[in-house]
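Reader: I would like to go through this model with you and ask, point by point, what each description rests on.

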Amino acid sequence: MGKLNTQQRRHTIITLLHEQGEITVDELAQRFSTSEVTIRKDLTALEQNGQLLRRYGGAVPVPSEMVADRSNEPSSQQKQALAKAAAKRIRDHNRIIIDSGSTTAALLSELGEKHNLVVMTNSLAVANALQELEPEPTLLMTGGTWDPASESFQGQVAEQVLRSYDFDQLFIGADSLDLERGTTTFNELTGLSRVMAEVAREVVVMVESEKIGRKIPNLELPWKSIHTLVTDSGITEQQEQALKNKNINLVITAKV
């Protein structure tokens, strides 16, 4: 079998699992001519996506009674569409920041074809997922004070670490998008987000259209700090025109 990229290999693993009912790490390593470490990374990533269950030395299908409720699937598809569009802006060797949050975390599955990335994050979940990628990017952590509300590191230590570097891009979400002010949030800890924006040459905000126009008090990033906005086709014509007037790069994904 020819050398497959990460996504192709993982797709083939799921196909084999459905055909055979069980697969082993040793079998897969031989089939794909790759290391057992790589296969274990594949199985871990697939398990995290709910596509299989790890067992000692291999994996088995997810029992039907354990299949996750798909009621939020459209939302997940929407986030993935945003991630796919945002990831097109990332080039090999880029130095990027991925902020904490479910929307930005969707980027991770789109990074498998990117080489020699350097990725800074303040999220343990993002950091753990990055270690499952192949090729694995160089991982940088902000450190700092753990904030349970945002499930991320915040504070002056994190800000000082960020200021020690410069980055090509920041990928960040938002609780809402104020057409007059910028991105807004329920969290009062906005200092780190602003430092992230300061040290990145391009700030890419990823936000679902349903969040545009929500009234939330805390300003996170003003429009002058935002270069690119990635949103979905649910945006209205009035909103689209208002955003174009901000002189930002507006990316609208196709309907999912």
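Author: Let me begin with the charges: this is a predicted model, and in the protein the mean positions of the 27 positive and 34 negative charges are 4 Å apart.

Reader: What makes the radius of gyration of the protein agree with that of a compact globule?

Author: A compact globule of 256 residues would have a radius of gyration near 18 Å, and the protein has 20 Å, which agrees. Taken along the principal axes, the box filled by the C-alpha atoms is roughly 55 × 40 × 35 Å. Within the protein there are nine helices and 15 strands, and buried residues make up 48% of the 256 residues. Of the contacts between residues at least 6 apart in sequence, 59% join residues at least 24 apart. The protein exposes about 12900 Å², with carbon and sulfur atoms supplying 48% of it.

Reader: Which residues touch the most other members of the largest nonpolar core, and which elements give two or more residues to it?

Author: This core has 28 residues, and I97, L162, L170, L229 and L243 touch the most other members. The elements giving two or more residues to this core are β5 (118-121), α7 (156-162), β9 (167-172), α8 (191-198) and β12 (200-206), and α8 gives the most, with four residues. Apart from this core lies another, of 22 residues, which includes A85, A106, L107 and V126. As for L243, leaving out residues up to four places away in sequence, L243 touches L177, L179, I212, W223, L229, I235, I248 and L250.

Reader: Why is I90 called buried, and where is I90 found?

Author: Buried means under 20% relative accessible area; I90 has 1%, and therefore I90 is called buried. I90 is found in the loop between α4 (73-87) and β4 (95-98). Leaving aside neighbours within four places in sequence, I90 is in contact with I96, L111, K114, L117, Q169 and F171. The C-alpha atoms of I90 and G234, by contrast, are separated by 25 Å.

Reader: How do you know whether T38 is buried or exposed?

Author: The relative accessible area of T38 is 11%, and the cut-off for buried is under 20%, so T38 is buried. T38 has its place in helix α3 and touches R9 and E134, not counting residues up to four places away in sequence.

Reader: Why are S33 and N116 called exposed?

Author: Exposed means over 50% relative accessible area. S33 has 55%, and so S33 counts as exposed; N116 has 52%, and so N116 counts as exposed too. S33 is found in the loop between α2 (25-32) and α3 (36-48), while the place of N116 is in the loop between α5 (102-105) and β5.

Reader: What is the phi of S33, and what is that of N116?

Author: S33 has a positive phi of about 55° although S33 is not a glycine, and N116, which is not a glycine either, has a positive phi of about 60°. Most residues other than glycine have a negative phi, and most peptide bonds are trans.

Reader: What makes you call the peptide bond from E134 to P135 cis?

Author: The omega of the bond from E134 to P135 is near 0°, and the bond is cis. P135 lies in the loop between α6 (124-130) and β6 (138-141).

Terms used. Residues numbered from 1 in each chain as written. Predicted model: local features only at pLDDT ≥ 70, side-chain atom pairs only at ≥ 80, totals over all residues. Heavy atoms only, no water. Rg over C-alpha atoms; globule rule 2.2 N^0.38 Å. Buried < 20%, exposed > 50% of the residue type's maximum accessible area, 1.4 Å probe, protein only. Contact = heavy atoms within 4.5 Å. Areas by Shrake-Rupley, 256 points an atom, 1.4 Å probe, with all protein chains shown as cover. Lys, Arg positive; Asp, Glu negative; His and termini not counted. Charge placed at Lys NZ, Arg CZ, Asp CG, Glu CD. Core = buried A, V, L, I, M, F, W, Y, C linked by side-chain atoms within 4.5 Å.
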